[in-house]
Amino acid sequence: KLLEITAAQTKKNATVDVALADFIADCERQNLKPQTTKKYSEVLKPLSVFSTARSISTIRALDLAILKNFVATLPDSPRTVGKKIERLRTFLRHCLDMGWCDSNCASRKSEKI
């Protein structure tokens, strides 16, 4: 029982780095092509650096304003940034499914990143 409670607390307060590692491991478990997993990493590693630099430790701390600031730091073309936003939404959907956040703020229809 204690292990279940501890696991639930850890799950709900996942750090950004733990969530990123779990997502990449999940991509590999799903047998996604290595190129696909690499593309996810190309947006998630900078998110980790961005979060660390701003002392954002948990997935729950990410909100739309923070994600907009992160996207603004991406040095890519608008089309590439759009693809990276799609990958970011997929990652945050995974976090939502895992119970690490209450909503996928990157997928709100009324708000754009």
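Helix α2 covers residues 16-29, and because 14 residues at 1.5 Å a residue should span 20 Å, the 20 Å between its end C-alpha atoms agrees with expectation. The expected span is 1.5 Å times one less than the number of residues. Helices (H or I, at least four residues) and strands (E, at least two) are DSSP runs, numbered from the N terminus. This is a predicted model, in which local features need pLDDT of at least 70 and side-chain atom pairs count only at pLDDT 80 or more, while totals for chains, interfaces and linings use all residues. Residues are numbered from 1 along each chain as its sequence is written, and side-chain values use heavy atoms, with hydrogens and water left out.

**Overall fold**

- The chain has five helices and zero strands, giving the pattern α-α-α-α-α along the sequence.
- Of the 113 residues in the chain, 35% are buried (buried means under 20% relative accessible area, exposed over 50%, partly exposed in between, with a 1.4 Å probe and protein chains only).
- Among contacts with a separation of 6 or more, 64% join residues 24 or more positions apart (contact means heavy atoms within 4.5 Å).
- The chain exposes about 7,200 Å², and carbon and sulfur atoms supply 53% of that area (Shrake-Rupley method, 1.4 Å probe; for residues, only the protein chains shown count as cover).

- The buried residues of α2 are V16, A19, L20, F23, I24, D26 and C27.
- They lie on the same side of α2, because they cover an arc of only 155° around the axis (the arc is that of the directions from the helix axis to the C-beta atoms).
- E28 and R29 are exposed on the other side of α2.
- The cover over the buried residues of α2 includes α3 (34-53) and α5 (78-98).

**Nonpolar core**

- The largest nonpolar core holds 31 residues, and L44, I59, F70, L88 and F91 have the most contacts inside it (a nonpolar core is a set of buried Ala, Val, Leu, Ile, Met, Phe, Trp, Tyr and Cys residues joined through side-chain atoms within 4.5 Å).
- The elements giving two or more residues to this core are α2, α3, α4 (64-72) and α5.
- In soluble globular proteins, nonpolar side chains tend to be buried together.
- Leaving out residues up to four places away in sequence, F91 touches A19, L20, F23, L44, L47 and I59.

- S51 is found in helix α3 and counts as buried at 1% relative accessibility.
- Residues up to four places away in sequence aside, S51 touches V16, I56 and L62.
- H94 lies in helix α5 and is buried, with a relative accessible area of 10%.
- Apart from neighbours within four places in sequence, H94 is in contact with D22, F23, D26 and W100.

**Positive phi in the loops**

- Most residues other than glycine have a negative phi.
- N31, which follows α2, is not a glycine but has a positive phi of about 60°.
- N31 sits in the loop between α2 and α3 and is exposed, with a relative accessible area of 67%.
- S55 is not a glycine either, and its phi is positive at about 55°.
- S55 lies in the loop between α3 and α4 and counts as exposed at 68% relative accessibility.

**Salt bridges**

- The structure holds four salt bridges (a side-chain nitrogen of Lys or Arg within 4 Å of a carboxyl oxygen of Asp or Glu).
- One of them joins D26 and R29 at 3.3 Å, N to O; both residues lie in helix α2, three residues apart, about one turn of the helix.
- D26 is buried, with a relative accessible area of 18%, whereas R29 is exposed at 54%.
- R60 and D102 meet in a salt bridge at 2.9 Å, N to O.
- R60 lies in the loop between α3 and α4 and D102 in the segment after α5, so the pair ties together parts that are 42 residues apart in sequence.
- R60 is partly exposed, with a relative accessible area of 35%, and D102 counts as exposed at 68% relative accessibility.
- E86 forms a salt bridge with K83, the closest N and O atoms being 3.9 Å apart.
- E86 and K83 are three residues apart in helix α5, which means a separation of about one helical turn.
- E86 counts as partly exposed at 42% relative accessibility, and K83 is partly exposed, with a relative accessible area of 38%.
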